[in-house]
Structure formats: C-alpha cells, structure tokens
Amino acid sequence: MNDNKQADDEVKTVKKAQKSRFGYGKIFLVALIGGILGGGIVIGGYQYYQNNSATVENSKGSTKVSNLKVNVSTQSTKAFNKIKNAVVSVEAYSESSSNDALEGAFGSNPSSGSTESEGSGVIYKKTGNTAFVVTNNHVISGADKVEILLNSGKKLKATVVGHDSITDLAVLKINDQYVKQVASFGNSDNIQVGQTALAIGSPLGSTYATSLTQGIISAKKRTIDTTDSSGMTTGQTTVIQTDAAINPGNSGGPLINLEGQVIGINSMKLASTDSSSSTSSSTSVEGMGFAIPSNEVVNIINQLVKNGKISRPALGISLVDLSYVSSSDQKSVLKLPKNITNGVVVLKVSSNSPAKSAGLQKYDVITSLGGKKVKGLASLREALYEHKVGDTVQIQYYHDGSLKTASVKLNLEATDKNTTTSSDSGN
C-alpha cells in the first residue's frame, strides 16, 4: 500500500510540474521544442541463461546479488540499433542584444548568442564530405546559428540548406567526418494501422538525447488543422497518428518501423482540450502524436537540397476566416447574403500583388479559387498550392454583397514574409 501511495504521489508531482512548465489551453497542436520523453518499451520474447546457479542466502543478513543473466533480444532493439547513431539533437541559437554591453564589459563574446530552441533531427544522406540532416522548420526558424549534437557527444556546426514553413521541414548540412550511421526512408504508404512504431528524439533537449518510445500506428492519413499559439487555424496537413510518446523536444526526430526505416518525422502532438471560460477546466490528452509521412518528407527535402526552397504562389493578401467575424459584422460591414457562411475575408491587399491587379479590396470575401470551394484559410491554401507560379486562376468573391469573378495571374512567389503561420497571414 505504501509503495502504491508513493507511486501515486510521484505521478501527481510529475503532472503538477508538467502543468506548471507547459500549461494548458485550447485544443492545439504543439510544436515539439523541449520536453520529456520516457524510455523505450521493450517487448517480445527473451531467453535467459545462467553462468552459475543463482545464490541468495537469507540467513543473518547475507543476501547476495544473483549471477543470473538475462539476454534480451527484440526486434525493437534491433531497429533502434540500426538508426540510433543517425539521430541527432538540433540546437538553434539567436544573437543576444540585451546583454551585449554587459558581456563586453566582462570580456565575453557578445555574439555567442543564447539558446533559442532545441529539437531533434536525423542524418539521412552522405555525399562527398557532407552529411544532410532533416528536422522541423520551427526548430531552426529565426536562428542565427545552428549546431548538431551527435549521439557520440560530438558537437558540429550546421548550415541551413533550405527550409519550408508550410510543411514544417528543414534540411541542414554538416561535415561528415564523425558521421557513422545514416538513416533510410521507408514507404509511408505501406504502413498499417496497429503496426509497431518507434519514436526517437531529444525530449527536453540534449539531456535526454536519443530517447526511445514505442507505440503503434493509430491512423495512416489523418487530416488535421494546424494552429498557431492562440489556437487559430492556419492550414491543414495530412499526418501519421501514433500513440508512441512524443513530447516537446522530439520535433524533427524520426518515427521508425521495426526495420529501422524512417516512416515519418515527428512534428506535433495534441496536448489538451478547450478550456471553458466558465469552468476554467481542461482535459489533458495522451497518446496523440503526429508525424509528417516519409513520402512527403522525401519529396520536400529533395526540392530543398536542389533549390534551397519550395516554390509556391502567393496572392499577396492578408486574410481571416469568415467564421471569426461576428454575424452582425458579416451583415453590416461585409454585406453578405444570409446563405454565405464560409469563406475568407480580405483584411489587407499588398501593392503590386496578384490580388491587387485582379481588383480585390479590403473586406472582400473569397468563396472559391480555381473552381474549388473556399471554406476557410486552410482550404484556400490547399486550392492555391495546387497551382504553380505563373498560372492564372479564377477567384469568386463577394464585394459589397455582390458575387464577382476575377482572373488572377499568380506571378508572386510565396516567402516567409508574405506567407506566415498566423490566422491573418499573407497568402
């Protein structure tokens, strides 16, 4: 009974600490930077043998440690060993400006920077004297310096080859001198719900580097809304769902099968349900992590290595989902017909943009792009990204209550400056 009580107290203490550190909020997908991941679960049969007979003498306090040795050999362990030295910690730094004078006074280097974020990554290719690492874009976004910590403990300077905020993927390169292992990609289309999945990464940073957890594939292709820190929808993505423990710091780490192949890149988790303003209560969510499928990863990183970026069109407008506009404003300001309940509202039109050339104005409501209905920002981006820079598309929109159609020449390429992750982002 005392042992059980102690265990319960420890669990409560951990949960209390976690709540204090990370907090709760609306339903949101957490970018996994910094966190704690439990040790790997080992399953399967095992065999044991004895070098000598087990010796336990219980009389007069002469208990001894048994000589019994257990030889554990599982497929999970074999899979982990195939990739463990290819999994790395990613440390991103930004230059500090507030302490420059103080640091200079004490003779320290003011450009040394402070840790901005920590995540995970996996080495997937070696060519010449260069090794390539895939991680999440949000791990290195805005960093002035990036370093890679190998499983051996060796730290190396990394260079950003390319990154993409839409798919949340980035490619880094390092010198391959100390690289002893390279991961391979499996076909994510061939995975099955219920099959074993292993997650590897650095929860809470490099202190817990190369931590392993085990679970199953919960869903092969789960289309989910991605959200910003305020809980507003910024887009949609198709991901693998798993119940393998994934926590902050696992961002960019691999989700692998029992052959040790990468089938996904861990990116986010469902953390909690909506907190009610009246009850101030929330429900924690466990066992719902998400990974970018390996087939999508390979497509994106190949383009990043080749071109340094992913070329997508942009309209040059800032938007907000119509659902965020009150019914009274929809009627009085937007002058929408009562039967129009879906779309995106134009908040700002950039000069010299495709939207400006097509005649779109502030408070216009876009309901269709390229023949596809626009229900919100997520579906607008989905329809827009089916086209290439240089294409011409038809846009239907309401202006002062009247339905209009415009031909838009997509001659603007999306960048981090005109395409952000805010619900009123530029597109």
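Some housekeeping. This is a predicted model, where local features need pLDDT of at least 70 and side-chain atom pairs count only at pLDDT 80 or more, while totals for chains, interfaces and linings use all residues. Residues are numbered from 1 along each chain as its sequence is written, and side-chain values use heavy atoms, leaving out hydrogens and water.

Switch to cartoon view and you'll get eight helices and 21 strands; helices (H or I, at least four residues) and strands (E, at least two) are DSSP runs, numbered from the N terminus. Of the 427 residues, 43% are buried, where buried means under 20% relative accessible area, exposed over 50%, and partly exposed in between (1.4 Å probe, protein chains only).

Next, select Ile83, Val90, Ile123, Val134, Ile148, Leu172 and Ile174. These have the most contacts inside the largest nonpolar core, which has 40 residues. Such a core is a set of buried Ala, Val, Leu, Ile, Met, Phe, Trp, Tyr and Cys residues joined through side-chain atoms within 4.5 Å. Strand S9 gives the most to this core, with five residues. Apart from it lies another core, of 22 residues, including Ala355, Leu360, Leu369 and Val393.

Stay on Ile148. Leaving aside neighbours within four places in sequence, its contacts (heavy atoms within 4.5 Å) include Val88, Val90, Leu172 and Ile174.

Now go to helix H2, residues 75–83, where Ser76, Ala79, Phe80 and Ile83 are buried. Look down the axis of H2: the buried residues fall within an arc of 100 degrees (taken from the directions from the helix axis to the C-beta atoms), so they line one face of the helix.

For another helix, pick H8, residues 377–384. Seven of its eight residues are buried; among them are Leu377, Ser379 and Arg381.

Jump to Phe185, in the loop between strand S9 (169–175) and strand S10 (196–201). Phe185 is partly exposed, with a relative accessible area of 24%. Not counting residues up to four places away in sequence, Phe185 touches Tyr124, Gln261, Val262, Ser294, Val297, Val298 and Ile301.

Last stop: Leu68, in strand S3 (residues 68–71). Leu68 is partly exposed, at 37% relative accessible area.
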